[in-house]
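These are my notes from going through one structure. I wrote down what I looked up, in the order I looked.

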2 protein chains.
Amino acid sequence: MLSIGEVAEATGLSVHALRFFEREGLFLREIPRSSGGQRVYEPADVEWLLLCNRFRASGMPIAMLKEFARLVRSGPGNEPERLALLREHERAVRAKIADLEADLEIIRSKVVVYEEHVREGTAAGVWSPTPSR
Amino acid sequence: MLSIGEVAEATGLSVHALRFFEREGLFLREIPRSSGGQRVYEPADVEWLLLCNRFRASGMPIAMLKEFARLVRSGPGNEPERLALLREHERAVRAKIADLEADLEIIRSKVVVYEEHVREGTAAGVWSPTPSR
DNA sequence: CTAGGTACTAGAGCGCGCTCTAGGTCAAGG
DNA sequence: CCTTGACCTAGAGCGCGCTCTAGTACCTAG
């Protein structure tokens with residue numbers, strides 16, 4: 001049984017963010033309260049939040065996370081929908097990686113141009129104030 | 001010589017975004033105006049914007065783009081600084097790709113679990129409304 | 001001459017994802 | 001008791017990156 005502060009600590013999320021996540025319905029269950037009204041989490045909630053962190057870090061919007069949580073909360077029977085959502089996100093992440101790799105190529109080429117310029121004192125390929133390249 | 005509409009078309013940026021970029025000082029030069037006060041671009045501006053798109057797509061914040069543009073505008077002599085900025089961004093992009101690949105692994109494993117579940121009708125490894133895994 | 005389309009400036013507004021404030025409650029230690 | 005600190009709710013605010021509005025001007029075709 002964990003307090004909101006402990007969960008924040010364990011997940012890297014702020015207590016504000018945890019309350020926000022709850023308002024948004026991103027948990028897999030209602031988080032129960034203690035007699036004094038404080039949230040009482042359990043380790044499984046932390047595991048779910050850690051997975052959420054991965055999803056978020058990989059660019060999944062809150063709305064999609066919400067939808068996934070909704071599917072899980074609404075019980076068994078919709079696993080194909082959950083799978084479709086996960087596959088969609090997998091596709092999106094692969095696409096993002098591919099884009100980043102293409103962008104990295106461009107950046108690399110600019111880095112190389114500047115390295116040569118800085119090493120040799122030539123101005124080939126770098127920008128002048130009035131763009132010429 | 002190009003109008004703002006043509007540049008928007010060529011770069012995929014909106015005319016609003018182009019005016020915003022200009023206010024923010026993201027261009028490599030002052031964009032001149034026609035007699036009637038309309039912006040007059042040249043192809044080199046489009047090239048720069050296309051590179052900006054790459055930078056932005058790879059997660060470079062506007063502030064960093066601004067700084068790079070400032071360095072270029074302030075003329076020759078600061079190439080080592082420009083290089084340092086580019087290398088920093090290159091590092092950030094590589095890190096982001098690595099993170100995404102790690103996230104992708106996790107997503108894959110969830111997809112696999114759901115694929116098995118959906119194929120075989122077992123409930124192993126998927127979430128129940130009250131989280132057990 | 002006029003209408004339509006495109007552009008202008010200045011500034012407000014928005015969607016996302018939190019983050020923080022205000023005003024209060026609760027539980028434990030001194 | 002009383003303070004301290006973690007927590008509560010409801011709701012406002014913020015940083016980013018645009019996006020849109022209002023009100024006006026110009027330019028080309030008919």
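I began with two terms. Ala, Val, Leu, Ile, Met, Phe, Trp, Tyr, Cys and Pro count as nonpolar, Asp, Glu, Lys and Arg as charged, and the others, Gly among them, as polar.

I noted that this is a predicted model, in which local features need pLDDT of at least 70, side-chain atom pairs count only at pLDDT 80 or more, and totals for chains, interfaces and linings use all residues. Residues are numbered from 1 along each chain as its sequence is written, while chains are lettered from A and ligands numbered from 1 in the order in which they are written.

**Entry: DNA strand D**

I sorted the surface near DNA strand D by class and got 7 nonpolar, 9 polar and 3 charged residues. I then looked up the helices (DSSP runs of H or I, at least four residues, numbered from the N terminus). At least two residues each come from α1 (4–11) and α2 (15–23) of chain A, and from α2 (15–23) and α4 (62–73) of chain B. I recorded α2(B) as the largest contributor, with 3 residues.

I found 5 helices and 0 strands in chain A. The radius of gyration, taken over C-alpha atoms, is compared with a globule rule of 2.2 Å times the number of residues to the power 0.38. A compact globule of 133 residues would come out near 14 Å, but chain A has 23 Å. I noted the box filled by its C-alpha atoms as roughly 75 × 35 × 25 Å along the principal axes.

**Entry: chains A and B**

How many residues of chain A are in contact with chain B? I read 45 residues of chain A against 45 of chain B, where contact means C-beta atoms, placed from the backbone, within 7 Å. On the chain A side, α5(A) gives the most, with 26 residues. By class, that side has 23 nonpolar, 6 polar and 16 charged residues.

I checked the symmetry by least-squares superposition on the C-alpha atoms of residues with pLDDT of at least 70 in both copies. A rotation of 180° with 0.0 Å of shift along its axis puts chain A on chain B, at RMSD 0.0 Å. The two copies are therefore related as by a two-fold rotation axis. Of the residues of chain A, A:I97 comes closest to that axis, at 3.0 Å (C-alpha).

Methods. Contact = placed C-beta atoms within 7 Å.
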